[in-house]
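Okay, thanks for coming, everyone. Today I'd like to talk through some charged pairs, so let's get the model up on the screen.

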Amino acid sequence: ATLSQGDAAGLSGSVPPVTGAFNVREGFTEVKIPLIQGMPFVEDLELEGAYRYSSYSNAGATSTYKYGGSWQPIDDFKLRALWQRAVRAPNIGELFSPQSIGLSSATDPCVASNNPGATPNLQALCIATGAHVGQSNTCNSGQCNVLTGGNVNLKPEVADTKTFGLVFTPTFIDGLTATVDYYDIKVTGAVGPQAGSPQGIFQGCYSPAGGITNVAAQAASVYCQAVHRDGTGGFRASNGFISQINANTALLNPTGIDVGVNYQMDLSSVGWNDSGSLAFNLNGTYQDKAVSQGDAILPKGDCAGYYGNFCGVPDPKYRFNFRVNWTSPSGDWLLSGRWRYIGSVKLDTDYCICQGSTCVVTPSTFDLSDHKIDPVSYFDFTAVWNVQIGRALCRE
């Protein structure tokens, strides 16, 4: 009750409860076909495929599938490739979160100090969307009313994935398995706030690609329709807000290489009899690119290795987990150590990460401590003792 009334949410408004439901019906099939086995240079050759049909009561029908295959010319390695179409249906929160007014920072292009007359037709567009001529402020202290919440008209996100890889199982090193896979994942229609931010709404409305050539047509665009000014031409009263409800707008396209190595050995093989066994496991990722675009009107950016206003949370290029396990000869003891590594990231505003648009690099004039986040390592140690307590009962 406290959250729904806004008493614990500060100046950002109330947090109403979420209610809603939808149904889904699905059917799927999967097949794996061995084509050739046990032939020279073709120890194993097989194809695989799968198909799933889903019908959502709110989002309609979708189809997902995969097809690919693998070729193992000799026992030591295998080549594999796979193409997949996947979907993610919007969840309850994305669909049914109540729409409510909060606050967010934005710079209104129609404020007189921003010189709206410098761009042809901008002042006319500002007036057509409810702004007043010569007004000096439209938001309180740069904080504008913003409408956020769910959207029952959302469609499932769509992801197309391509992977190519190698599985290495050398016959001359017993217990070793290694994999290397290249991945390319492209997600379209990702769910997120319309235009990414209130400033993105302003950009789409008042700074469209190609300029403002037709004021009436631009005022009817989806971005200008998201600008709701109050009687003062601003975003202070309850009827003045920037609409940023969820929409299928974003593009995500990470590419990189995944590596996995597993090795097990009995210590007796190196002369340490009755000393148990060791197991090594390494899983790592090198992210070459992480292209993202919050909306079609926004620039694309490669966020691999960056964080900040454009990229959001840190997205490092390198990360891996490395684990070593020792098991006692009896199996009653297990000692384990894990090293988790997360690579460094840089502040995106210091670098030109945009693609297909003019980039403005605006580094700070002084060295802030968070312009670079150094790599971090976490070390975990675990000991497991398998305690067995039993009592034999004899009965004559």
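Quick definition to start: a salt bridge here is a side-chain nitrogen of Lys or Arg within 4 Å of a carboxyl oxygen of Asp or Glu. By that rule, the count is 11 salt bridges. Bear in mind that this is a predicted model, where local features need pLDDT of at least 70, side-chain atom pairs count only at pLDDT 80 or more, and totals for chains, interfaces and linings use all residues. Residues are numbered from 1 along each chain as its sequence is written, and side-chain values use heavy atoms, with hydrogens and water left out.

So, which residue does Glu48 form a salt bridge with? That's Lys66, with the closest N and O atoms 3.2 Å apart. Glu48 sits in strand 2 (residues 42-56) and Lys66 in strand 3 (residues 60-74), 18 residues apart; strands are DSSP runs of E, at least two residues, numbered from the N terminus. Glu30 joins Glu48 and Lys66 in a network of salt bridges.

Next up, Glu157 and Arg88, at 3.0 Å between the closest N and O atoms. Glu157 is in strand 7 and Arg88 in strand 4, so this pair ties together parts 69 residues apart in sequence. Buried or exposed? I'm using under 20% relative accessible area for buried, over 50% for exposed and partly exposed in between, with a 1.4 Å probe and protein chains only. Glu157 is buried at 12%, while Arg88 is partly exposed at 31%.

Last one: Asp380 meets Arg340 at 3.3 Å, N to O. Asp380 is partly exposed at 25%, and Arg340 is partly exposed at 28%.

Key: Helices (H or I, at least four residues) and strands (E, at least two) are DSSP runs, numbered from the N terminus.
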